[in-house]
Amino acid sequence: MKNEDRDQPARLPLTGNILLVDPDGFLAEMMEDGLRLARPKWRVIAMRHPNEALALLEGYSELDAIVTEIVFDHSPEEGKRFVAEVGRRWPDIAVFVMTARDRDELGGLDTAEYIAKPRDMDFLVSRIDRAIRRQRESRVRGISLPTFLQILELERKSCTVFVSHAGRVGELYFRDGRLIQARSGGSEGEEALFELLSMREHSLRVVDRCDADAVITSSLAALLMEWSVREDHARNAAADQEKE
């Protein structure tokens with residue numbers, strides 16, 4: 001074995017949770033068996049309709065990838081709505097649209113990767129595998145949001161941080177280490193930042209771009225101090241109510 005080969009870290013098989021959504025039960029079963037055979041560590045769930053898939057996501061968002069047909073009940077509109085909803089509420093999940101429809105017919109699917117049917121299983125497995133690795137490389141784990149924001153400021157990063165939990169998604173925009181904008185639901189600016197900081201559990205994902213105009217003018221240190229004071233007041237008020 002060459003020395004450089006020995007120096008390369010072993011690429012271990014990925015675990016993963018994969019959701020298949022296809023109205024053709026026979027085809028979905030074949031794909032399910034093929035994925036499990038190719039990647040025994042993957043957990044594969046097959047469903048027939050986007051509504052079933054959304055119900056699953058509402059209670060179980062620990063998915064790594066979704067492979068979905070776009071045509072349901074002879075129309076692509078249901079599938080388009082499903083892909084758009086997943087992209088909006090669960091941006092951490094890689095989405096693959098696998099269909100016999102031509103790509104040109106499927107406008108508005110920017111959040112998904114297009115794969116033409118039929119495809120061999122090796123190709124599909126390699127695309128899912130690559131997507132999972134990329135997603136996990138961009139996720140941040142084991143660190144609080146305030147601490148992570150301070151690191152971005154210290155390193156003068158320009159990026160967007162996606163903060164998500166149970167279908168709620170917010171964005172924090174940094175330019176040259178300065179927090180310039182925050183969005184959460186219908187809120188933006190400082191109030192959106194405070195909403196995101198108050199999430200007790202969250203997933204963080206970083207994208208190396210910042211597409212927002214500067215709205216927040218206060219320093220990050222001042223904002224974190226104000227949030228901390230608000231949290232203290234909320235805890236004290238809750239404690240007083242329990243005593244009554």
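This is a predicted model: local features need pLDDT of at least 70, side-chain atom pairs count only at pLDDT 80 or more; totals for chains, interfaces and linings use all residues.
Which helices and strands each supply at least two residues of the lining of the largest pocket?

1. The largest pocket. Helix 4, strand 4, strand 5 (112-116), helix 5 (121-138), strand 8 (168-175), strand 9 (178-184) and strand 11 (203-207) each contribute at least two residues to the lining of the largest pocket. Of these contributors, helix 5 gives the most, with six residues. The volume of the largest pocket is about 790 Å³.

2. The residues around the largest pocket. The lining comprises 31 residues, and those nearest the centre of the pocket are Gly-87, Pro-91, Ile-93, Thr-111 and Arg-205. Sorted by class, the lining holds 12 nonpolar, seven polar and 12 charged residues.

3. Rolling a probe the size of a water molecule over the atoms shows where empty space is left.

4. Strand 4. In a regular strand the side chains alternate between the two faces of the sheet. For strand 4 (residues 94-99), both faces are covered: Ala-94, Phe-96 and Met-98 are buried on one side, and Val-95, Val-97 and Thr-99 are buried on the other. Six of the six residues of this strand are thus buried. Strand 4 pairs with strand 3 in the parallel sense over four bridges, and Val-67 stands opposite Phe-96 of strand 4.

5. Helix 3. Which residues of helix 3 (residues 50-59) are buried? They are Pro-50, Ala-53, Leu-56 and Leu-57. These residues lie on the same side of helix 3 because they cover an arc of only 120° around the axis. Ala-55 and Gly-59, on the other side of the helix, are exposed. The elements that cover the buried residues include strand 1 (16-21), strand 2 (42-47), strand 3 (65-68) and helix 4 (77-89).

6. Helix 6. In helix 6 (residues 145-154), the buried residues are Leu-145, Pro-146, Phe-148, Leu-149 and Leu-152. Seen down the axis, they fall within an arc of 165°, and they therefore line one face of the helix. Just after helix 6, Arg-156 adopts a positive phi of about 55°.

7. Asn-17. This residue is placed in strand 1. Is Asn-17 buried or exposed? Asn-17 counts as buried because its relative accessibility is 18%, the cut-off for buried being under 20%. Leaving aside residues up to four places away in sequence, Asn-17 touches Arg-43, Tyr-60, Glu-62, Leu-63, Asp-64 and Ala-65.

Notes. Residues are numbered from 1 along each chain as its sequence is written. Side-chain values use heavy atoms; hydrogens and water are left out. Buried means under 20% relative accessible area, exposed over 50%, partly exposed in between (1.4 Å probe, protein chains only). The arc is that of the directions from the helix axis to the C-beta atoms. Contact means heavy atoms within 4.5 Å. Two strands pair if DSSP finds at least two bridges between them. On a 1 Å grid over the protein atoms alone, a cavity is a set of points where a 1.4 Å probe fits but cannot get out, and a pocket is an open set with protein on both sides within 12 Å along at least five of seven lines; lining residues have an atom within 4 Å of a point. Grid points are joined across faces, edges and corners, and a volume is the space filled by probe spheres set on the points. Ala, Val, Leu, Ile, Met, Phe, Trp, Tyr, Cys and Pro count as nonpolar, Asp, Glu, Lys and Arg as charged, and the others, Gly among them, as polar.
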